[in-house]
Structure formats: structure tokens, C-alpha cells
Amino acid sequence: MTEVPLYGKVEEVLASDIARGDIRPGDRLPSEDELLTRFAVSRITVRRAIQNLIQRGIVEIQRGRGTFVLAPKVSQELTKLTGFVEDMDTHGRKASARLVSRKVVVASARVARQLGISKGTRVMRIERVRLADAVPMSFDETYLPLDIGRKIVRNDLRVMQIFTLLEEKYGIPLTEAEYSLEAAAASSQVAEALEVQEGSPIFRIERTSFTTHGKPIDYEMLSYRGDLIRFVTRLARRSTAEASQRKAEPSLRKR
């Protein structure tokens with residue numbers, strides 16, 4: 001059998017340390033010099049081992065700070081309307097939030113369209129960083145109609161979910177949501193919030209949540225770190241009979 005190269009041995013020892021929890025997600029790896037002393041290898045060997053761990057998605061380099069252990073990717077199902085805390089609870093992760101801003105602003109054309117209001121109408125904008133086990137996962141920009149937004153911001157949004165407040169405190173049930181998801185590069189604001197480099201890959205989600213009678217009540221732009229989450233869903237294919245019926249419907253309506 002081919003002998004494992006030296007950098008591979010260093011890589012596996014560090015990977016085992018992380019798997020056992022000796023080095024936890026969010027922790028900084030020992031410096032290059034510390035690893036040189038521990039393993040008695042060359043700097044090139046250490047760097048090759050670290051590069052392999054990066055390629056495996058186990059660690060990442062944060063410029064000016066060092067190399068940090070990543071949390072395992074979260075698989076989020078797009079099958080029902082849930083909030084961040086509910087999603088993290090499903091995976092046994094501790095959710096928290098850091099409030100960045102809460103401010104009354106005028107609705108842009110996009111915000112107005114999603115909330116079903118006139119452009120320039122005053123709305124409440126809430127910006128938060130959402131964390132899982134103290135690791136930044138998402139930068140959330142939420143827009144609410146002003147009347148309900150003023151009520152929402154009276155609460156401690158570091159610990160309270162907006163969805164929970166809407167439904168349980170203010171009696172506004174959420175019935176459905178419309179999602180739009182695309183790949184994007186992190187802007188300077190998002191990169192700073194998520195502690196990644198500007199231009200890093202993110203998932204950008206636009207989500208409009210509706211209450212009864214199809215009334216839009218909550219519009220969000222969510223920026224998730226692309227290295228920490230993946231989205232999955234299950235799709236059913238229409239039967240041949242259903243497809244044929246749908247093709248026939250337009251011609252039937254014209255008669």
C-alpha cells in the first residue's frame with residue numbers, strides 16, 4: 001500500500017481533533033508556528049494540510065485573523081414556512097441574533113411591490129445577523145408595514161422571532177410564503193456582518209410571507225453563507241394525464 005504523505009497525516013490528525021470536538025466550530029486553529037512545533041514538519045507540509053482541510057469545507061481562512069473551524073453544513077428543506085430558530089432547532093444548533101439596526105424608511109419600488117403598498121410609503125426595516133452556535137449564518141433584512149413594525153421593534157429581537165411575535169403576540173397568522181433564491185457575491189455590508197471576505201459566495205433569498213386573505217405582511221432579503229448551508233426540496237412530477245389536462249385548459253377557456 002502507498003504510504004500516506006506527511007501532509008496527509010497532519011491533515012487527518014487535525015480533522016480528527018475537530019471531529020472529536022477538541023477544536024470546535026468557530027475556534028481558531030493553532031498558528032502555523034504552533035503546528036510546526038507540534039508535528040515537527042516543514043511549513044510547506046503544514047500549508048498543504050491546511051489547504052486540503054479548506055477544500056474539504058472543514059476550515060476557512062479569515063484574512064487578518066487566522067484559520068477557523070467551520071460548522072457542518074446545515075441542510076434546510078424548502079417544504080414549509082419556518083423561521084431561522086425553528087430551522088436551527090431541527091439540527092440541534094443554538095440560534096441567536098445580533099441586532100444591527102431598526103429604522104423607519106421609505107419603501108423602494110421592490111419593497112412596495114412585495115408588501116402591496118405604494119412606493120415611498122413608510123415601513124419598518126430591521127437588520128439582523130443570525131447565528132448558529134455563535135457562528136454567523138445569515139444577514140437578514142426585514143421590512144414590515146409600519147403599524148405592525150412599530151410593535152415588533154418594542155421586543156428584544158436578539159431572542160424573539162418575528163414570526164413568533166406576529167402569530168402568538170399580535171394574532172397575525174402566517175399562511176404561506178413566496179421564495180426566490182439565487183447565488184450571489186457578498187457585498188461589503190453582508191461580508192462584514194457574516195465575517196467573510198467581500199465577494200464570498202452567498203445564497204440570497206427573497207421571501208414574502210402572507211397572512212389571511214393573501215395579504216403580504218413580511219418581506220425579507222436573507223443572505224446565507226454559501227459555505228455553511230444548502231437548500232433541499234422534494235418535487236413530485238405530474239402524471240401524463242395531469243399534463244394533458246393542463247395543455248387542454250387554455251383551448252377550453254377560449255370556447
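1. A quick word on terms: buried means under 20% relative accessible area, exposed means over 50%, and partly exposed is what lies in between, using a 1.4 Å probe and protein chains only. This is a predicted model, where local features need pLDDT of at least 70, side-chain atom pairs count only at pLDDT 80 or more, and totals for chains, interfaces and linings use all residues. Residues are numbered from 1 along each chain as its sequence is written, and side-chain values use heavy atoms, with hydrogens and water left out.

2. Have a look at alanine 40, in the loop between helix 2 (32–39) and helix 3 (43–55). Helices (H or I, at least four residues) and strands (E, at least two) are DSSP runs, numbered from the N terminus. Alanine 40 counts as exposed because its relative accessibility is 67%. Its phi is near 55 degrees, a positive value in a residue other than glycine. Most residues other than glycine have a negative phi.

3. Glutamate 195 also deserves a glance: its phi is positive, about 60 degrees, and it is not a glycine. You'll find glutamate 195 in the loop between helix 8 (188–194) and strand 8 (201–211). With a relative accessible area of 36%, glutamate 195 is partly exposed.

4. What does the side chain of arginine 225 make a polar contact with? The partner is the side chain of glutamate 60, at 2.9 Å; a polar contact is a pair of N or O atoms within 3.5 Å, where within protein one must be able to donate a hydrogen and the other to accept it, and residues adjacent in sequence count only if both atoms are side-chain atoms. Arginine 225 sits in strand 9 (residues 215–225) and is buried, at 3% relative accessible area.

5. Glutamine 62 belongs to strand 1 (residues 59–62). Its relative accessibility is 11%, so glutamine 62 counts as buried.

6. On to lysine 151, in helix 6 (residues 146–152). Is lysine 151 buried or partly exposed? Lysine 151 is partly exposed, since its relative accessible area is 36%.

7. Finally, leucine 181 is in strand 7 (residues 176–185). At 37% relative accessible area, leucine 181 is partly exposed as well.
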